[in-house]
Amino acid sequence: MSVKSSDAQEAWEPKILAFCCNWCSYAGADLAGLNRTQQPPNVRIIRVPCSGRVDPQFIMRAFQDGVDGVLVAGCHPGDCHYSTGNFFARRRFLLFQRIFDYIGIDPGRLQNRWISGAEGDKFAATVSKVTEDIRALGPNRKLRDEHE
Amino acid sequence: MKRVGVFVCHCGSNIAAVVDCERVAKEAAKFPGVAFSIDNKYMCSDPGQDLIKKAVEEHHLDRIVVASCTPRMHEPVFRRATENAGINPYLFAMTNIREHVSWIHTDREKATEKAIDLVRMAVAKVLHTVPLEKSSIPITKRALVIGGGIAGMQAALDIADNGNPVVLVEREPTIGGKMPMLDKTFPSLDCSACICTPKMASTDQHPNITIYTHSEVERVDGYIGNFQVTIRQKAKYVDHKICTGCGLCETKCPNKKIPNSFEAGMGNRTAIYKAFPQAVPNKPIIDAANCRKLTKDKCGVCAKVCPTGAIKYDDQDELITIDVGAIVMATGYDLFPWKEAYGEYGYGKYPDVITGLQFERLVNASGPTSGHILRPSDGKEPKTIVFIKCVGSRDDVKGKAYCSRTCCMYTAKHAHQAVDKIEDSHVIVFYMDVRTAGKGYEEFYQRTVEDGVHYVRGRVSKIYQLGDKLIVRGEDTLLGEAVQVNADLVVLATAMVPSAGSGEIAHIVGFSTDKDGFYQEAHPKLRPLETFTAGVFLAGACQGPKDIPDTAAQGSGAAAKASAVLSNRSMETDPLISQVNDAVCAGCGVCVGICPYRAIELKEITQRAGGKTIARRVASINSGLCQGCGACVAACRSGALDLKGFTNQQIMAEVDALCL
Amino acid sequence: MKYAYYPGCSLDSTGIEYQLSTKAVAGTLGVELWEIPEWNCCGASAAHNTDRLLSLALPARNLALAEKEGLDVAVPCAACYSRMKATEKAVRGSEDVREKISEIIEMEYGASNRTLALLDVFTNQAGLEQVASLATKPLQGLKTACYYGCLMVKPPRLAEFDDPEDPQTMDRLMDALGAEAVSWPYKTECCGAGFASSRTDIVLQMSYEVLRLAKTAGAEAVVTACPLCMLNLDMRQKEIEAKNGVAIDLPILYFTELMALAFGHKPAAIGFNKHFVDTTPVVRKVEQGRRAKEVQP
């Protein structure tokens with residue numbers, strides 16, 4: 001699956017990047033696997049220690065690279081392994097929503113979810129939902145660097 | 001030239017049934033930097049790990065990628081295998097093609113594509129890794145215990161018995177906490193003071209324990225193994241080095257009507273006082289706010305009668321600084337301030353509505369009534385006594401949502417004592433549920449019921465005074481009837497809340513509290529004695545309501561944890577922490593406030609610029625405190641901070657690799 | 001000060017003396033009461049047991065009419081107050097409820113105005129200092145038991161102007177009028193009004209307790225702010241006396257009646273003659289007290 005082949009409209013499948021914190025949402029993804037909860041194969045996970053580690057430039061770069069949607073998942077507010085990291089993630093997410101709105105990108109391309117290590121089903125449901133949402137939005141053309 | 005080796009695991013058929021592992025390995029061989037690539041049935045097995053070693057030797061690999069199960073399980077195993085193969089264990093990346101691929105997909109083509117993507121990302125990441133070394137920090141072999149109740153004493157004694165010095169800081173003039181106030185303990189009806197005061201004496205006499213009473217911790221700096229603690233020894237106005245504790249001053253002090261908090265306000269004390277006869281240290285202090293000499297410069301009787309000249313009216317607070325390696329928090333509990341919340345029980349205006357702790361003093365042989373249950377208003381023996389449970393507990397409107405855990409049992413004990421001590425007594429307990437989880441607890445409760453105590457299931461909705469009776473109105477929910485009792489004494493089982501000031505001390509030491517103000521444990525099930533701050537442990541009711549056996553057990557548990565820290569001269573730290581690039585850091589300090597562990601400080605550096613030596617401030621990471629969350633990195637405006645093992649470059653490479 | 005005024009069903013009938021005295025007090029205090037035109041029943045006692053939306057829609061219509069005028073609503077009856085307050089809070093708390101209610105009453109209602117108990121309006125809103133200054137004929141020495149009943153200050157999530165267990169508004173009012181408020185335990189207990197017609201035996205028992213404890217505390221009159229309390233304590237007092245074989249003889253008065261009396265209104269004009277239990281001892285006692293005070297200096 002590469003950006004170039006995804007240009008072919010009929011073969012297009014949304015490509016989604018998920019940043020999962022090590023302690024809650026990555027564990028939730030593991031639990032979904034342990035339970036064999038089927039999910040669409042469109043999401044690729046990058047493991048980070050905390051959702052607060054997710055630098056805005058990672059998200060921008062992903063969209064420039066041609067990713068169609070980004071999911072940032074962390075511990076539930078108040079349950080952060082590092083006590084406050086997910087609050088920073090939430091604040092950045094809200095800012096992103098406004099930036100996207102301003103530059104004319106559908107804010108739905110960036111999603112933020114709180115999934116605990118016990119919520120395997122929620123993780124799987126989130127992957128399905130986000131995939132459907134992004135599919136409905138169509139390929140990301142606006143932010144993608146075409147000069148490469 | 002970097003030489004990456006890629007190892008794709010079949011996990012038996014767990015992965016191979018859905019993912020074409022051979023194809024993944026073949027594709028991986030084409031990725032830039034990959035010098036060797038192979039698939040194997042079980043990478044985590046000994047032959048699998050040997051495969052890594054052999055491949056490194058044969059192909060001169062310098063970086064390893066394993067595609068298998070979740071790194072949350074086997075990352076340490078493969079790091080060790082990498083190290084055994086002679087490569088720095090951090091020149092390794094792992095990707096999860098089992099939980100995140102084969103177990104959640106059925107389409108072989110798409111699953112294999114996804115696995116290839118994930119391996120490509122891991123290879124991209126590992127190409128940007130650098131060797132990391134574990135560092136080591138020295139450990140100060142001394143512990144601080146904050147709070148000298150049963151939890152703190154137990155912790156201090158156990159740490160001291162392990163051979164390490166302990167400093168015990170207690171806010172009150174005596175150690176002991178709440179336990180010596182109690183009369184008997186459930187379910188054995190042991191005399192509380194008889195088992196508690198020997199413990200106080202042992203704590204006092206232990207050669208490894210230094211006690212600071214009437215003292216508070218004012219400041220804590222540093223990190224695990226290296227805390228610097230500042231203790232404020234409040235002025236005692238009595239030189240305890242000279243004082244013999246004879247007690248003459250107490251008998252002569254003219255100010256005798258000060259409510260004694262040890263008696264829960266049921267008895268009085270003098271201005272120069274010991275909280276109770278077995279107090280440790282067994283020497284008085286002067287309560288400055290109530291002393292005529294100190295407030296009005298009159299009196300001075302205690303100094304005149306003191307045979308050793310120990311009275312020091314000009315005593316000052318003193319600051320003491322010590323270094324410790326571990327801290328045990330044992331700040332205990334207070335009772336819920338029911339008078340502010342329960343208007344239906346009179347907002348405290350009826351003197352014969354008292355708390356369970358006050359009842360303990362009434363029934364205690366060394367209490368203000370010498371153990372005779374006499375009601376506060378007129379000193380008469382009450383015949384009809386009503387106990388009300390869950391006052392402030394399990395009441396999310398007026399009090400706390402949680403159960404305070406001990407009230408069912410101490411109320412059963414009180415009811416038993418009332419029936420036992422008062423002839424022709426009539427004892428009624430209003431309850432919501434009876435919860436007696438504990439060894440011998442249910443049996444004790446059943447005995448109380450057999451003693452003739454009436455248990456009425458329902459809440460009391462109103463108490464009012466009519467003549468010398470307290471009219472208690474409630475509901476018997478089992479009969480569905482309104483109940484009215486004309487009582488002589490009402491005892492409220494008030495909720496346990498964190499002790500006053502516990503939030504401030506948590507802030508000083510640097511860890512968090514939960515929604516109710518109790519200290520937040522690192523994990524509710526598996527790390528109940530630890531905080532998120534390394535080297536700080538929890539014991540007793542400061543972490544949540546607890547009875548004495550649980551508190552003592554936690555005291556010992558926290559002591560074991562602290563002793564484990566103190567057992568080494570130094571400790572290794574995980575290298576996956578933040579680092580600062582001094583050349584780029586502008587010293588703005590944003591990261592300082594963001595760090596939840598207070599691991600970042602601004603330090604001054606000097607450098608040569610334009611032919612001059614200039615000093616400027618840059619962020620500095622404390623490797624003992626940093627837990628590697630990366631919040632500071634994402635917030636750093638100048639890009640001076642980075643998180644080792646999860647660097648900006650590494651994550652960017654992963655992002656880029658996804659879309660190659 | 002101008003308020004929308006919602007008299008409710010009793011102030012034109014059984015509670016006529018509440019109405020008369022309210023208007024007299026409002027006149028003296030300079031409070032303008034604009035009676036909501038075409039007001040409807042608040043639904044108390046029946047609607048909230050039947051249908052939640054109905055129980056919110058009935059008061060909402062009255063509140064919406066006042067909201068159009070930009071007026072806060074003054075409500076004398078405790079039951080009406082409780083229902084209207086419940087509506088106000090429900091609409092303020094949920095956009096969904098607001099939309100539904102507006103659709104049902106075919107009027108926009110956004111709960112921008114406040115529902116206030118008349119007791120609150122005449123004391124806290126008007127200012128007790130003003131009340132005291134207007135009390136030209138203070139109720140010297142009259143011992144009163146202030147009876148708030150079950151709905152004026154409860155439940156605490158609805159009524160917010162006073163403590164739900166030990167309210168003081170009426171007590172402070174009595175103090176401002178020169179009377180004495182006795183300390184007694186049944187300030188916020190129920191008179192049994194919910195059973196007014198179905199189980200009068202319960203009403204007789206509960207109201208007896210209220211009267212007995214007021215009497216025990218040394219009260220010479222019970223002051224209330226609720227027409228249903230009035231009905232049970234006043235109209236049924238003879239029956240209570242007969243059933244329990246005791247003499248109670250405790251006049252029951254609305255707080256507005258005592259305010260109007262202290263403001264110098266004629267007792268007959270404000271409904272003192274509309275009670276079952278003779279109220280003349282109160283008038284006489286107040287006059288005696290005043291005369292004694294005048295003689296003293």
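**Chains and contacts**

Modeller: 10 residues of chain C are in contact with 9 residues of chain B. Contact means heavy atoms within 4.5 Å.

Colleague: Before we go on, what kind of model is this, and how do I read the labels?
Modeller: This is a predicted model: local features need pLDDT of at least 70, side-chain atom pairs count only at pLDDT 80 or more, and totals for chains, interfaces and linings use all residues. Residues are numbered from 1 along each chain as its sequence is written, chains are lettered from A and ligands numbered from 1 in the order in which they are written, and side-chain values use heavy atoms, with hydrogens and water left out.

Colleague: Back to C and B. How much area is buried between chain C and chain B?
Modeller: About 890 Å², and carbon and sulfur atoms give 47% of that. Buried area is the accessible area (1.4 Å probe) that two parts lose on being put together, summed over both.

Colleague: Which residues in chain C lose the most area to chain B?
Modeller: Glu165(C), Pro185(C) and Tyr186(C). Together they account for 49% of what the chain C side buries.

Colleague: And which pair of chains shares the most contacts?
Modeller: Chains A and B, out of the 2 pairs in contact. There, 47 residues of chain A meet 44 residues of chain B.

Colleague: How much do chain A and chain B bury between them?
Modeller: About 3,900 Å², with 58% of it on carbon and sulfur atoms. Arg44(A), Arg47(A) and Arg53(A) supply 18% of the area that chain A buries against chain B, more than any other three residues.

Colleague: How far apart are chain A and chain C?
Modeller: Their nearest C-alpha atoms are 23 Å apart, and the two chains do not touch.

**Chain A**

Colleague: What is the secondary structure of chain A?
Modeller: 5 helices and 4 strands. From the N terminus on, the order is α-β-α-β-α-β-α-β-α. Helices (H or I, at least four residues) and strands (E, at least two) are DSSP runs, numbered from the N terminus.

Colleague: What is the radius of gyration of chain A?
Modeller: 15 Å, close to the 15 Å that the globule rule gives for 148 residues, so chain A is as compact as a globular protein of that length. The radius is taken over C-alpha atoms, and the rule is 2.2 Å times the number of residues to the power 0.38. The C-alpha trace of chain A spans about 40 × 35 × 25 Å along its principal axes.

Colleague: How many of the residues in chain A are buried?
Modeller: 57% of the 148. Buried means under 20% relative accessible area, exposed over 50%, partly exposed in between (1.4 Å probe, protein chains only).

**Chain C**

Colleague: Switching to chain C. How many helices and strands are there?
Modeller: 13 helices and 8 strands. Of the 297 residues of chain C, 55% count as buried.

Colleague: What radius of gyration does chain C have?
Modeller: 19 Å, which agrees with the value near 19 Å for a compact globule with 297 residues. Its C-alpha trace spans about 65 × 45 × 30 Å along the principal axes.

Colleague: Why is helix H6 of chain C largely enclosed?
Modeller: 6 of the 8 residues of H6(C), residues 118-125, are buried, so the rest of the structure largely encloses that helix. The buried set is Leu118(C), Leu119(C), Asp120(C), Val121(C), Phe122(C) and Thr123(C). Gly127(C) follows H6(C), and its phi is positive, near 95°.

Colleague: Which peptide bond has omega near -5°?
Modeller: The one from Phe186(B) to Pro187(B), and it is cis. Pro187(B) lies in the loop between strand E8 (184-185) and strand E9 (190-191) of chain B. The bond from Val280(B) to Pro281(B) is also cis, with omega near 0°. Pro281(B) sits in the loop between strand E15 (272-273) and strand E16 (285-286).

Colleague: What about Tyr347(B): what is its phi?
Modeller: Near 50°, a positive value in a residue other than glycine. Tyr347(B) is partly exposed, with a relative accessible area of 27%.

Colleague: And where is Arg405(B)?
Modeller: In the loop between strand E21 (384-391) and helix H12 (407-421) of chain B. Phi of Arg405(B) is positive, near 70°. Arg405(B) is partly exposed, at 48% relative accessible area.
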